[in-house]
Amino acid sequence: MALYQAFKVLGYAGQNKVFSQTAVKALRTIKYCAIAIIGFVAVGEIFIMLGNSDDRAGGVFMGLLIAFGSIVIATAAAMFERILQNAVDIKSENELTV
């Protein structure tokens with residue numbers, strides 16, 4: 001879902017529609033998907049830690065890598081969402097005054 005939304009944002013950039021509410025909504029969806037992945041990984045890590053295995057290191061490390069990547073994506077999407085929302089607000093204010 002997040003990958004599809006990322007391609008939609010790139011399509012908006014190609015059509016010069018980056019500063020629109022639909023692009024902001026797509027970035028918000030990307031952020032929520034990344035947060036959901038972080039939650040799923042956290043639950044998975046809990047199951048790995050509570051399990052009865054002697055070799056947890058590989059699973060824990062892979063979970064940490066996925067969680068770190070998702071944190072980076074969620075942070076970037078939130079930052080771009082805020083920037084685009086401010087730009088959309090300024091654009092709509094300029095259209096109202098003209």
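Hi everyone. Before we look around, two bits of housekeeping. The model is predicted, so local features need pLDDT of at least 70 and side-chain atom pairs count only at pLDDT 80 or more, while totals for chains, interfaces and linings use all residues. Residues are numbered from 1 along each chain as its sequence is written, and side-chain values use heavy atoms, with hydrogens and water left out.

Let's start with the helices. Helices here are DSSP runs of H or I with at least four residues, numbered from the N terminus. H1 covers residues 2–14 and H2 covers residues 21–50. Their axes come within 9 Å and cross at roughly 155°. An axis is a line fitted to C-alpha atoms over the stretch in contact, and the angle runs from 0 to 180 degrees between N-to-C directions. That angle makes H1 roughly antiparallel to H2, a label used for angles over 145 degrees. The crossing of H1 and H2 is also left-handed, meaning that the near helix is turned anticlockwise from the far one by less than a right angle.

Which residues of H1 and H2 make the contact? From H1 we have Ala2, Gln5, Ala6, Val9 and Tyr12, and from H2 we have Thr22, Ala23, Ala26, Leu27, Thr29, Ile30 and Cys33. Contact, by the way, means heavy atoms within 4.5 Å. Sorted by class, this contact has 9 nonpolar residues, 3 polar ones and no charged ones. For the classes, Ala, Val, Leu, Ile, Met, Phe, Trp, Tyr, Cys and Pro count as nonpolar, Asp, Glu, Lys and Arg as charged, and the others, Gly among them, as polar.

Let's zoom in on one member of that contact. Valine 9 sits in H1 and is buried, with a relative accessible area of 18%. Buried means under 20% relative accessible area, exposed means over 50%, and partly exposed lies in between, using a 1.4 Å probe and protein chains only. Not counting residues up to four places away in sequence, valine 9 touches Ala23, Ala26 and Leu27.

Now follow the chain from H1 towards H2. Asparagine 16 is in the loop between these two helices. Is asparagine 16 buried or exposed? It counts as exposed, at 74% relative accessibility. Its phi is near 60°, a positive value in a residue other than glycine. For background, most residues other than glycine have a negative phi.

On to the next pair. The axes of H2 and H3 come within 8 Å and cross at roughly 160°. That makes H2 roughly antiparallel to H3, and their crossing is left-handed. What classes of residue does the contact of H2 with H3 have? There are 23 nonpolar, 5 polar and 4 charged residues.

Alanine 77 is in H3 and counts as buried, at 5% relative accessibility. Leaving out residues up to four places away in sequence, alanine 77 touches Leu27, Ile30 and Lys31. Alanine 77 and alanine 26 are 51 residues apart in sequence, yet 9.4 Å apart in space, C-alpha to C-alpha.

Glutamate 81 also lies in H3, which covers residues 57–97. Its relative accessible area is 10%, so glutamate 81 is buried. Leaving aside neighbours within four places in sequence, glutamate 81 is in contact with Val24, Leu27, Arg28 and Lys31. With which side chain does the side chain of glutamate 81 make a polar contact? The partner is lysine 31, at 3.2 Å. A polar contact is a pair of N or O atoms within 3.5 Å; within protein, one must be able to donate a hydrogen and the other to accept it, and residues adjacent in sequence count only if both atoms are side-chain atoms.

Last stop: glutamine 21, in H2. Glutamine 21 is partly exposed, with a relative accessible area of 40%. It touches Gln85 and Val88, not counting residues up to four places away in sequence. The side chains of glutamine 21 and glutamine 85 are joined by a polar contact of 3.3 Å.

Terms used. Parallel < 35°, antiparallel > 145°, perpendicular 65-115°, else oblique.
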